Amino acid sequence: MIVRYLLAALVAGLFSGVLMTAAQEARVVPLILHAEEFEGGDEAAPAAEGTTPTTEGAAATHEHSSLGAVLLDMASSLSPVSVAYAHDGEDHEEGGIMFGMSRFSGTLLANLVTGAGFALLLAGFSLVSGHPITVANGALWGAAGWLAVHMLPAIGLPPELPGFPAADLTQRQIWWIAAVVLSAAGLYLLFLKPGIVAKIAGLVLIAAPQVYGAPQPSDISSAVPAVLGAEFAVAALATTLFFWIVLGLSLGFANEKIAKAA
């Protein structure tokens, strides 16, 4: 039975990843392409070295200047905007950004992997905690996932466009991972555990990374208009919310089908 639940979660994640890619192509990618028009000069050199700062569908950015950053890059690929965007500086003339694939192909692949991973995590947590995901509460599960992975970390590290200033990559990724873990634990205590002590502990965990503060760049000047950055942040968070709601509902639907067939 558990294997069937996990397989259903995998299918739900792949389905949500496909829809996420379509949403990004409609709302997020045009803003990224527009922002790239403002890049040049100082940004060109890092791009040629494979160290262009940018993000997925919303909080951390990606650089590949050393092998030591690979594991953190894999973790940061779970941030709001697709990891495929991190490679737009490589082989740009040929359109290849990820193992020779086009921007769209790389984005689709990253979203499929990310969607499947998130679905398995959500389904596994549901099984371990004893709180089943159904069609009735699927949207709430999705909203909780969005809060933990995207919205709450975005308070300190909002989705950033190419060309926007950013702090040290490793520091941002470590803070983002810590914020996701603490936010998820805090939401669990806040909504799924009874007792006032658990509620207070949950609020403390959620607030902790924000109180500590996310790493910020020393120079915030950028050639990219601030209004474009704001539009991108809203679009990235909106598309990830769409992804999580679809994921929660898909998981709930699959779980109910399996329960009826059992």
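## Ground rules

Because the model is predicted, local features need pLDDT of at least 70 and side-chain atom pairs count only at pLDDT 80 or more, while totals for chains, interfaces and linings use all residues. Residues are numbered from 1 along each chain as its sequence is written, and side-chain values use heavy atoms, with hydrogens and water left out.

## The overall build

Let's start with the whole chain. The protein chain has 9 helices and 0 strands, so helices (DSSP runs of H or I, at least four residues) and strands (runs of E, at least two) are numbered from the N terminus. Along the sequence, the pattern reads α-α-α-α-α-α-α-α-α.

The protein chain holds 262 residues, and 47% of them count as buried. Buried means under 20% relative accessible area, exposed means over 50%, and partly exposed lies in between, using a 1.4 Å probe and protein chains only.

## How helices pack

Helix H1 covers residues 2-27 and helix H9 covers residues 226-261; their axes come within 8 Å and cross at roughly 155°. That makes H1 roughly antiparallel to H9, and their crossing is right-handed. The contact of H1 with H9 has 18 nonpolar, 8 polar and 2 charged residues. Here Ala, Val, Leu, Ile, Met, Phe, Trp, Tyr, Cys and Pro count as nonpolar, Asp, Glu, Lys and Arg as charged, and the others, Gly among them, as polar.

Axes are lines fitted to C-alpha atoms, for helices over the stretch in contact, and angles run from 0 to 180 degrees between N-to-C directions. Angles under 35 degrees count as roughly parallel, over 145 as roughly antiparallel, 65 to 115 as roughly perpendicular and the rest as oblique. A crossing is right-handed if the near helix is turned clockwise from the far one by less than a right angle, and left-handed if anticlockwise.

H9 also packs with H6, at an angle of about 150° and with the axes 7 Å apart. That makes H6 roughly antiparallel to H9, with a right-handed crossing. H1, in turn, meets H5: their axes come within 7 Å and cross at roughly 140°. That makes H1 oblique to H5, and this crossing is right-handed.

## The largest pocket

The largest pocket has a volume of about 720 Å³. A pocket is an open set of points on a 1 Å grid over the protein atoms alone, where a 1.4 Å probe fits, with protein on both sides within 12 Å along at least five of seven lines; lining residues have an atom within 4 Å of a point. Points are joined across faces, edges and corners, and the volume is the space filled by probe spheres set on them.

Of the 26 lining residues, Leu122, Ala144, Gly145, Ala148 and Ala184 are the closest to the centre. Helices H5 (103-129), H6 (138-156) and H7 (169-192) each give two or more residues to the lining, and H7 gives the most, with 10 residues. By class, the lining has 23 nonpolar, 3 polar and no charged residues.

## Two leucines to find

Look for Leu247 in helix H9. Leu247 is buried, with a relative accessible area of 0%. Leu247 and Ala9 are 238 residues apart along the chain, yet their C-alpha atoms are separated by 8.7 Å.

Leu182 sits in helix H7. Leu182 is partly exposed, with a relative accessible area of 27%. Leu182 and Pro209 are 27 residues apart in sequence and 7.6 Å apart in space, C-alpha to C-alpha.
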